[in-house]
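The paragraphs below lead through a few parts of one structure, one after another. Keep the sequence and the 3D view at hand while reading.

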Amino acid sequence: MSVLSPVAKKRSDYRAPDFLIDHVDMAFHLDVTQTRVISTSRFTRNGQHQSPLVLDGENLQLISVTINGEPVTDYHQSDEHLTLNINQNDFELCIETRINPQENKTLEGLYFSGGAYCTQCEAEGFRKITYFLDRPDVLAKYDVTIFADKTRYPHMLSNGNQIDKGELDDGRHWVKWQDPFKKPSYLFALVAGNFDLLTDRFVTQSGRSVALELYVDKGALDKGHHALASLKKAMAWDEQVFGLEYDLDIYMIVAVDFFNMGAMENKGLNVFNSKFVLADAESATDDDFFNIEAVIGHEYFHNWTGNRVTCRDWFQLSLKEGLTVFRDQQFSADMSSPVFNRIKNVQIIREHQFAEDASAMAHPIRPEEVIEMNNFYTVTVYDKGAEVIRMMHTLLGAAGFRQGMDLYFSRFDGQAVTCDDFVQAMQDATQVDLSQFRRWYSQSGTPKVKVTDSFDAKTGVYHIDFTQNTPPTADQKVKQNLHIPFKFELLDEKGNSISDDSVPELSAKMIELTSRVHRITVTGLQAKPTPSLLHDFSAPIKVDYAYSHQQLSNIILYSGDDFARWDASQRLYSRCIHNLAISPDTPDDELLDSMLQAVQGIFDIADVNPALAGAMLSLPSFETLSQQVDEIQVEALYHAQRSVRNLIATTLSDQWSTLYHKQAVVPYRYVADDVDSRRLRNLSLSYLVQAGAPQSSDILLAQFAQADNMTDCLGVLKAAQFGELKQFDQLMEQFETRWRHDPLVLDKWFALHANMERSDILVRLPLLLSHDKFSLDNPNRVRSVLGSFAFYNVLGFHAVDGSGYKFLADYILKLNSVNPQVAARIITPLTQWQKFDEKRRELMRYQLARIADCQDLSKDLIEKVSKSLN
Ligand code: 0A1
Ligand code: ZN
């Protein structure tokens, strides 16, 4: 690790900026290796002080500085700052810098890839473009003029409206953009290239016509329709649900192949990873179509939650991200099956967020300390952040939440604010006391609620106790009681929900837990009820209750909450799997029988609620199972999961066959009913293949030959891979030949290979990485090979000789100098060593130490590695 460890910034150290900038005029003379950037900003001193002006800047070649037109040479330049002593209170500062977009493989700042220029400024990328006050609480208006060669870069875009353009004699042209809204530098964007353009219009509720423009690679126009349709749905939804209308006359989206994240909400000019824009039936799966709609929605919703009202400092990231994820989740739920969507949200929390809480990277949704901000675009800030917003929605009700949102916008439009400001608006609008609730922002970790109950058959009195406790996390030892909305019901023996007017929590079907223990007493009962707990996953917590198998089956069949039914099915599977992992030679037949009977019952649900049935027939993932135990026994858990799946596959193979053949095969359309049906069909296929059912490989090959869409095609490949069919390699070859030219499909091919549970996987992986289409420069490709392997190839990554860990570490060291942000993301599985057996813990820590020893380690990796080795 470098000798000088970078210092962490603390939330408590926030100070208002010494200077403000109200206007910036920028000129970009684009050149692949020598782009000139001239920025002229109007500064004012903020308050009475004599402090110098300290501007942020990285990797910039400084050409000149003038103040009010006068050249300045009395400045101090360091690796990260430009410091100027200035006496004036108001002045104009003009700075010329030069940058090299082609060399910029970090994909932060201005970079050149795939023949186009593109920027990414969140969180702190603007400082790689020019010296600036690169912090979200400095809000300025921007005028941007772009100069470049006309033939190669016919499209030159920036935020706001195009106000002027012209041509030069040397084959270059220029375009001037003006953004009428004040914005922080992280929302700045510039794109220049030669694209195909798809256009449309949206008329807002107040009757304004907005031009919609979608820029894609040449030849990809047909794949942009779903994204554009999704955008229009999102615009209409935000008007209906939150009364929020788009504010500019133009909304542009550009799809690029090289992008570190999913997409970016730059004002009026979103930049997207092409994975979240391009889709057609043949090349994209139902999940791809779903994700495109969700991400398009997410970025669009940021226009109000993030752009109009932004974050005061980066510790407040969840202010915009938690809220915007909540909004995109609600949007997705309204567009298709609410329960299926809720299950997806919860799976992310249980698989990834709980794992983060259990690791050295544990942090509250509003972190206290940060070395590299890019490391905090986490499932905790985003997805747990969304759960915290959802809990407020639950506590205040939909109408109260809307009042809170209205007040938030009327108070803070055009400002940079804090999470506290948001909660205060919610509280002031509804008079609901959220003082204890605020702890969700400062406390990390996964709270546990232990539920115990007792019933006295003689008196008919039933007590149920809820006890909360948040175990200590790596970052925070002492925990306080939280305000937890806990939805539940009590079911009688017939599966009816018990109501009792004298118990308000029963009528409300919710108890608000605030102290350590809460008790509810119900009288006059004939028999002990079944508590159906944490309906709709009303809080991001773990619940511990000793359900009998029978009670779980009751909930599966009768609970009024579909989420709870799914959750009970998962508990039943988990129980069978853990049980078998502990004693593989003495299976609990009674438990397995009741599980199989429950599955039989779920087949009937498929006709009425295919989305729910699809989720209920799927076993918990290895990652979810891992979060249910203190120490992960890799092989035992993995094989137990496979055995239970095998049992379900073989015992019920007739039912799987019936379910498979019941699904009508229709020409591809992305509509909810067809999506649900394809899901059931492909799920059945994989069970059939796993059972080695007669004709299963004929069915599989026929589906591969006949599929008119990627969902069914990939369904075959996944089934063949999971079932370890001999045809797998051959099908993969055919697939590669057909799709070599399509990067997004090829990513799926790479991921399938990297996920293969084969004993020779570590011999095959290097071959994959020497494939002519593999490149460390392309984050999607890196994620599809190294990410898939490290996150999902259980036996390969956790190979007991440590070869999987070493393999990942080798590539992280290579990526460190290319793209530190991506390197720091895919190191996550190594940092989660805490729950593994001692031998693996050692091996994982050994690789982390190897990475730590590297000379020029990026801040991103230093932060993660040093925390993990502590
Ligand atoms: N704000 C974006 C996510 C994002 C964050 C950082 C990036 O580069 C370092 C890029 C995108 C969102 O929430 O969609
Ligand atoms: Zn976001």
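This is a predicted model. A place to begin is the set of helices that the buried residues of helix 14 pack against: helix 10 (562–582), helix 11 (589–608), helix 13 (622–626), helix 15 (653–662) and helix 16 (672–691). Helix 14 itself covers residues 634–651, 18 residues in total. From its first C-alpha to its last it reaches 26 Å, close to the 26 Å expected at 1.5 Å a residue. Its buried residues are Leu 637, Ala 640, Gln 641, Val 644, Ile 648 and Ala 649. An α-helix has 3.6 residues a turn, so residues three or four places apart point the same way.

Next comes strand 4, residues 53–56. In a regular strand the side chains alternate between the two faces of the sheet. In strand 4, Leu 53 and Leu 55 form the covered face, while Val 54 and Asp 56 form the uncovered one. Strand 4 is joined by 4 bridges to strand 8 (residues 81–84), and the two run antiparallel. Opposite Leu 53 stands Leu 84 of strand 8.

Which residues are closest to ligand 1? They are Gln 120, Glu 122, Met 261, Met 264 and Tyr 377, among 14 residues that surround the ligand. Strand 20 (263–264) and helix 2 (286–301) are the elements that give two or more residues to this shell. By class, the shell holds 4 nonpolar, 5 polar and 5 charged residues.

Last is a stretch named in a record. An unreviewed UniProt entry annotates residues 445–545 as "domain: Peptidase M1 alanyl aminopeptidase Ig-like fold". Over residues 445–545 the chain is 43% strand and 5% helix, and the end C-alpha atoms lie 20 Å apart.

Definitions and conventions
Residues are numbered from 1 along each chain as its sequence is written. Chains are lettered from A and ligands numbered from 1 in the order in which they are written. This is a predicted model: local features need pLDDT of at least 70, side-chain atom pairs count only at pLDDT 80 or more; totals for chains, interfaces and linings use all residues. The expected span of a helix is 1.5 Å times one less than its number of residues. A residue is buried if 20 or more other C-beta atoms lie within 10 Å of its own, exposed if 12 or fewer, and partly exposed in between; C-beta atoms are placed from the backbone. Two residues are in contact if their C-beta atoms, placed from the backbone, lie within 7 Å. A residue is near a molecule or strand if its C-beta atom, placed from the backbone, lies within 6 Å of it. Ala, Val, Leu, Ile, Met, Phe, Trp, Tyr, Cys and Pro count as nonpolar, Asp, Glu, Lys and Arg as charged, and the others, Gly among them, as polar. UniProt positions are given in the numbering used here, feature names are shortened, and annotations may be inferred rather than shown by experiment. Two strands pair if DSSP finds at least two bridges between them.
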